[in-house]
Amino acid sequence: MRHAEDRGLTATGLWAQERGEGPLVVLVHGAMDRSGGMLRVRRALEHDHRVIRYDRRGYGRSLPAGPPVTFDQQVDDLAAVLRGRQAVLVGHSFGGVVCLALAERRPDLARAVLAYEAPRMWASWWPGGSVGLQASRQEDAGDAAEWFLRRMIGDAMWERLPAAMRAERRAEGPALVAEIASVRPPRPPPYDAAAIRVPVLAVAGSASRPHHVRATDELAAVAPHGARVVLDGAGHGAHLSHAAELADLVRLAVRRADEFAVLPVEGPV
């Protein structure tokens with residue numbers, strides 16, 4: 001029997017939805033995206049998993065909550081969405097950073113993490129010409145959002161969007177600018193991969209850009225229970241282009257969480 005629950009979370013003012021029955025999974029979208037971007041993945045999972053998706057602070061139906069004041073607030077938001085329940089955390093791009101940070105800080109809430117091309121924008125090698133960093137340098141936050149999306153979806157598709165939709169997306173610019181600033185020097189890195197004690201599935205697409213692949217490789221190498229997976233034919237937007245394949249990797253993360261849960265604990269965790 002399938003259950004659906006739409007709610008505005010009173011603690012945070014964020015929109016969230018739950019569907020399906022089975023192991024709990026939460027889908028966390030990236031920068032200048034919304035929970036709707038994860039809809040194809042949710043549909044591929046909901047017949048055998050209970051899936052949460054939500055609009056992060058300052059995006060979509062959570063736009064009224066305003067942009068994040070700190071990165072910690074984003075981590076607290078994810079914890080609030082879970083309402084004390086343990087889940088497999090699935091994050092695309094910046095959403096992966098949020099998931100990894102929660103797994104480090106609140107291992108009681110994380111069974112495992114699947115991070116799809118989680119950026120390491122605090123690293124000295126991260127390219128200054130990346131789309132996110134270039135967008136965040138625009139003088140106006142609305143222009144930053146538009147600049148970002150024009151490069152993600154193309155000028156022609158941007159121009160075809162209804163005027164109301166373009167205005168909505170530009171209104172998400174403050175969230176984009178704030179979250180990028182929240183993980184850039186001089187602020188400290190948002191998480192320590194070496195301190196994450198649950199399984200981490202670090203996934204990159206075979207058609208992705210070198211800096212996304214490097215970030216994924218480093219995560220898999222440093223996380224104590226990390227594993228690297230390449231999604232054949234996918235680029236950065238795999239949640240849209242390869243939703244079924246990504247859903248299968250979520251199932252793999254759930255299996256890894258199940259296996260990890262029965263391993264004997266050796267020493268302090």
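**View 1. Helix 8 sits under cover from several other helices.** What lies over the buried residues of helix 8 includes helix 2, helix 3, helix 4 (131–136), helix 5 (141–153) and helix 7 (163–170). This is a predicted model, as are all the views that follow. Helix 8 itself spans residues 173–181, and its buried residues are Gly173, Ala175, Leu176, Glu179 and Ile180. Look down the axis of helix 8 and these buried residues fall within an arc of 165 degrees, so they line one face of the helix.

**View 2. Helix 5 crosses helix 8.** Here we pick out one of the helices that cover helix 8. The axes of helix 5 and helix 8 come within 7 Å and cross at roughly 85 degrees. An angle from 65 to 115 degrees counts as roughly perpendicular, and helix 5 and helix 8 are therefore roughly perpendicular to each other. On the helix 5 side, the residues to look for are Ala141, Ala144, Ala145 and Phe148; they meet Gly173, Pro174, Leu176 and Val177 of helix 8. Sorted by type, the residues of this contact are 7 nonpolar, 1 polar and no charged.

**View 3. Helix 2 packs against helix 3.** As a reminder, two packed helices are described by the angle between their axes and the distance between the axes. For helix 2 (residues 71–82) and helix 3 (residues 94–105), the angle is about 75 degrees and the axes are 9 Å apart. That makes helix 2 roughly perpendicular to helix 3. Helix 2 brings Phe71, Asp72, Gln74, Val75, Leu78, Ala79 and Leu82 to the contact, while helix 3 brings Phe94, Val97, Val98, Cys99, Ala101, Leu102 and Arg105. The residues of this contact split into 11 nonpolar, 1 polar and 2 charged.

**View 4. Arginine 57 is tucked into a loop.** You'll find arginine 57 in the loop between strand 4 and helix 2. Is arginine 57 buried or exposed? At 8% relative accessibility, arginine 57 counts as buried, because the cut-off for buried is under 20%. Its side chain makes a polar contact of 2.8 Å with the side chain of aspartate 77. The side chain of arginine 57 also reaches the backbone oxygen of alanine 65, at 3.4 Å. Setting aside neighbours within four places in sequence, the residues in contact with arginine 57 are Thr12, Leu14, Ser62, Ala65, Gly66, Pro67, Pro68, Gln73, Asp77 and Ala175. One of these, Ala175, is also among the buried residues of helix 8.

**View 5. Glutamate 46 pairs up with arginine 42.** Glutamate 46 is in the loop between helix 1 (39–45) and strand 4 (50–54). With 9% relative accessibility, glutamate 46 counts as buried. Which side chain does the side chain of glutamate 46 join in a polar contact of 2.6 Å? The partner is the side chain of arginine 42. For a sense of scale, glutamate 46 and alanine 110 are 64 residues apart in sequence and 19 Å apart in space, C-alpha to C-alpha.

View 6. Most residues other than glycine have a negative phi, and most peptide bonds are trans. Methionine 32 is not a glycine, yet its phi is positive, at about 50 degrees. Methionine 32 lies in the loop between strand 3 (24–28) and helix 1, and at 4% relative accessibility it counts as buried. Serine 93 also has a positive phi, near 55 degrees. Its place is in the loop between strand 5 (87–92) and helix 3, and serine 93 counts as buried at 10% relative accessibility. Proline 186 is in the loop between helix 8 and strand 7 (200–205).

View 7. Histidine 236 lies in the loop between strand 8 (226–231) and helix 10 (238–241). With a relative accessible area of 23%, histidine 236 is partly exposed. Not counting residues up to four places away in sequence, histidine 236 touches His92, Ser93, Tyr116, Glu117, Ser208 and His212. Arginine 85 is 151 residues from histidine 236 along the chain, and their C-alpha atoms are separated by 29 Å.

**View 8. Alanine 16 is buried in strand 2.** Strand 2 covers residues 15–19, and alanine 16 has its place there. Alanine 16 is buried, with a relative accessible area of 0%. Between alanine 16 and arginine 56 there are 9.0 Å in space, C-alpha to C-alpha, though the two are 40 residues apart in sequence.

Note on methods
Residues are numbered from 1 along each chain as its sequence is written. This is a predicted model: local features need pLDDT of at least 70, side-chain atom pairs count only at pLDDT 80 or more; totals for chains, interfaces and linings use all residues. Side-chain values use heavy atoms; hydrogens and water are left out. Axes are lines fitted to C-alpha atoms, for helices over the stretch in contact, and angles run from 0 to 180 degrees between N-to-C directions. Helices (H or I, at least four residues) and strands (E, at least two) are DSSP runs, numbered from the N terminus. Angles under 35 degrees count as roughly parallel, over 145 as roughly antiparallel, 65 to 115 as roughly perpendicular and the rest as oblique. Contact means heavy atoms within 4.5 Å. Ala, Val, Leu, Ile, Met, Phe, Trp, Tyr, Cys and Pro count as nonpolar, Asp, Glu, Lys and Arg as charged, and the others, Gly among them, as polar. Buried means under 20% relative accessible area, exposed over 50%, partly exposed in between (1.4 Å probe, protein chains only). A polar contact is a pair of N or O atoms within 3.5 Å; within protein, one must be able to donate a hydrogen and the other to accept it, and residues adjacent in sequence count only if both atoms are side-chain atoms. The arc is that of the directions from the helix axis to the C-beta atoms.
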